[in-house]
Amino acid sequence: MKTIELDDDLYLYIASQTRHIGESASDILRRLLAQPVASGESSVAVTRKPAQASASASGLLALLESGELAQEERSIQRFMLVLASLYGENPDAFTQAAEIKGRKRMYFSRDPEALRASGSTTKPKPVPGTPFWVITNTNTSRKQNIIAQLMSSMGYDEALTTRVCAAI
């Protein structure tokens with residue numbers, strides 16, 4: 001396996017192209033570049049260069065401008081893409097912001113059983129590329145509210161937050 005460094009925006013773009021949980025960066029790049037999987041091929045580890053600015057929104061902007069969110073048919077898929085992008089931009093801030101809760105329910109946890117225990121029909125799903133699980137049995141408006149609270153806690157400006165929520 002070889003290691004290469006990528007700028008944050010490229011790393012986040014690659015991460016935003018994930019189609020299923022567990023898909024490796026190499027698999028994503030092969031798919032995007034239409035390259036076949038060769039047997040015996042050595043792996044390349046992709047690492048992200050440290051961020052120059054902690055409040056960068058390049059991954060979110062790339063996600064919005066790529067049209068990928070608009071291509072997703074269901075709000076749950078758009079919700080998960082946004083959550084993965086937020087985590088990818090700033091895992092530490094995401095971890096702190098993930099403490100937000102509803103009146104009766106937890107929204108995020110590292111343990112799906114904790115989410116199941118916080119409500120009768122929470123339907124927890126893993127957020128791709130993160131150690132977190134999120135409740136998914138909510139309407140689109142609640143998903144937008146969760147994203148808005150999360151982005152606000154992470155320090156994103158209101159204009160970008162509004163734009164991201166509208167895309168869900």
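A search of the whole predicted structure finds 2 salt bridges. One joins the side chains of D27 and R30, with an N to O distance of 3.7 Å. Both residues belong to helix α2, which spans residues 25-32. They sit 3 residues apart, about one turn of the helix. D27 is partly exposed, at a relative accessible area of 35%. R30 is buried, at 18%; the cut-off for that class is under 20%.

The other salt bridge links the side chains of R116 and E113. Here the N to O distance is 2.6 Å. The pair lies in helix α7, residues 112-117. Because R116 and E113 are 3 residues apart in this helix, about one helical turn separates them. R116 is partly exposed, with 38% relative accessibility. E113 is also partly exposed, with a relative accessible area of 48%. Side chains of opposite charge can pair when their charged atoms come close.

The chain as a whole holds 9 helices and 5 strands. Along the sequence, the elements follow the pattern β-α-α-β-α-α-α-α-β-α-β-β-α-α. Of the 168 residues, 39% are buried. Contacts between residues 24 or more positions apart make up 59% of those with a separation of 6 or more. The accessible surface of the chain is about 9500 Å². Carbon and sulfur atoms account for 49% of that surface.

The average pLDDT of the chain is 82, and 85% of the residues score at least 70. Residues 46-55 fall below 50. Where pLDDT is low, the predicted coordinates should not be read in detail.

L63 illustrates a buried helical position. The residue lies in helix α3, residues 58-66. Its relative accessible area is 2%, so L63 is buried. Leaving aside residues up to four places away in sequence, L63 touches S16, E68, L69, L81, V82 and S85. V82 is 19 residues from L63 in sequence. The C-alpha atoms of L63 and V82 are 8.0 Å apart in space.

On the surface, Y13, L32 and L33 form a nonpolar patch. Together these residues have about 270 Å² of accessible area. Y13 is part of helix α1, residues 8-16. Its relative accessible area is 35%, so Y13 is partly exposed.

Two loop residues make polar contacts with backbone oxygens. T130 lies between β4 (125-126) and β5 (133-134). T130 is buried, with a relative accessible area of 16%. A polar atom of the T130 side chain lies 2.9 Å from the backbone oxygen of V127.

N137 occupies the loop between β5 and α8 (140-154). In contrast to buried T130, N137 is partly exposed, at 31% relative accessibility. A polar atom of the N137 side chain lies 2.5 Å from the backbone oxygen of T121. S120 is 17 residues from N137 in sequence. The C-alpha atoms of N137 and S120 are 10.0 Å apart in space.

Notes
Residues numbered from 1 in each chain as written. Predicted model: local features only at pLDDT ≥ 70, side-chain atom pairs only at ≥ 80, totals over all residues. Heavy atoms only, no water. Helix = DSSP H or I, 4+ residues; strand = E, 2+ residues; numbered from the N terminus. Buried < 20%, exposed > 50% of the residue type's maximum accessible area, 1.4 Å probe, protein only. Polar contact = N/O pair within 3.5 Å; in protein donor to acceptor, adjacent residues only side chain to side chain. Patch = residues over 30% accessible without salt bridge, like charges linked within 9 Å, V, L, I, M, F, W, Y side chains within 5 Å. Areas by Shrake-Rupley, 256 points an atom, 1.4 Å probe, with all protein chains shown as cover. Salt bridge = Lys/Arg side-chain N within 4 Å of Asp/Glu carboxyl O. pLDDT = per-residue confidence, 0-100. Contact = heavy atoms within 4.5 Å.
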